Amino acid sequence: MIITCDNCKTRYKVADDIINKPALKVRCHKCNHRFTVYKNDPADDSFLLQDEISPTDHRIITVSNQKGGVAKTTTCLNLAVSLARMGKRVLLVDFDVQANLTILLGFRKTRSFYELQSKEVADIGDVILHTKYPNLSLLPSNSKMALLKKRYLSQHNFEYILKNRLQEVEKDYDHIVIDTPPSIEFFTLNALIAAQLVVVPTTCEYLSMHGVSQISDIIKVLKGIEHDVEYKVLITMYDERKTSERVINEKIRRKYGAILCKTVIELDDKMQESHIVNLPIQYYDEESRSAVQYEALARELAG
């Protein structure tokens, strides 16, 4: 018979004769969760769930953490480029007033979501830019984006503005990846509402873990208002040589085990070099450690 851990959802194959009682307590090898397995329960009239959600259903991915310096923008860029190199049609959304993602892709003084909302352009397609990388487009940001918060924050359902706009182009892309600012307010709430999957990057530092907890709390609130969004924690810039990072790494694994990304993005000087020349790591050094790890992340999340 097949047993599925009701915590981490790991599936185990067990010989029928091992479970010789109507109910047996078991412990998951992967997450150490204890639960009860029932055999031939005559009262079991539960519906059999068979349609497992595929990673490809994660079409809109938001990358967010209230803590800055955890590689949010780097993860957005290189996750999106990795997906594009897999042949997926990808739209990057720079939803951060700092516009770092826009700059990294070589654009300055562009129109943005602000001009779209202000009706200075007629269609969202008039704002989206084609990058020099195959299959990769960008909805850029600029400094005027700061005015959006002032204009819409007090309006009813302000947090659905981005979601409603992306519905106009969602069918044109396999994946949409959204970058957010290091704070919980207008922009981040909009990005979380628009997402089907939230990736929370964290370094192995205490304050970064605190940022993960805050995003987790917000997502629980969203689920309370019937907005069901999945989230995963991603360890970034990990330096195994440091004792403090190994300790925090263990704490993260114990706390978030089942929702922790299998892929870990390690500290890599090649990544910093790629920023200097404004290139995604895959186009700067495709054989570098971080390039290989971001490609693995793309396959894990949405491949």
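Leaving aside residues up to four places away in sequence, serine 274 touches Leu279, Pro280, Ile281 and Tyr284, where a contact means heavy atoms within 4.5 Å. The model here is a predicted one, in which local features need pLDDT of at least 70, side-chain atom pairs count only at pLDDT 80 or more, and totals for chains, interfaces and linings use all residues. Residues are numbered from 1 along each chain as its sequence is written, and side-chain values use heavy atoms, with hydrogens and water left out.

Serine 274 sits in helix H9, which covers residues 269–276; helices (H or I, at least four residues) and strands (E, at least two) are DSSP runs, numbered from the N terminus. Buried is under 20% relative accessible area, exposed is over 50%, and partly exposed lies in between (1.4 Å probe, protein chains only).

Isoleucine 276 is also part of helix H9, but its relative accessible area is 72%, so isoleucine 276 is exposed.

Zooming out, the chain has 11 helices and 11 strands. Of its 303 residues, 48% count as buried. As for contacts between residues at least 6 apart in sequence, 72% join residues at least 24 apart. The accessible surface of the chain comes to about 16100 Å², and 49% of that belongs to carbon and sulfur atoms; such areas come from the Shrake-Rupley method with a 1.4 Å probe, and for residues only the protein chains shown count as cover.
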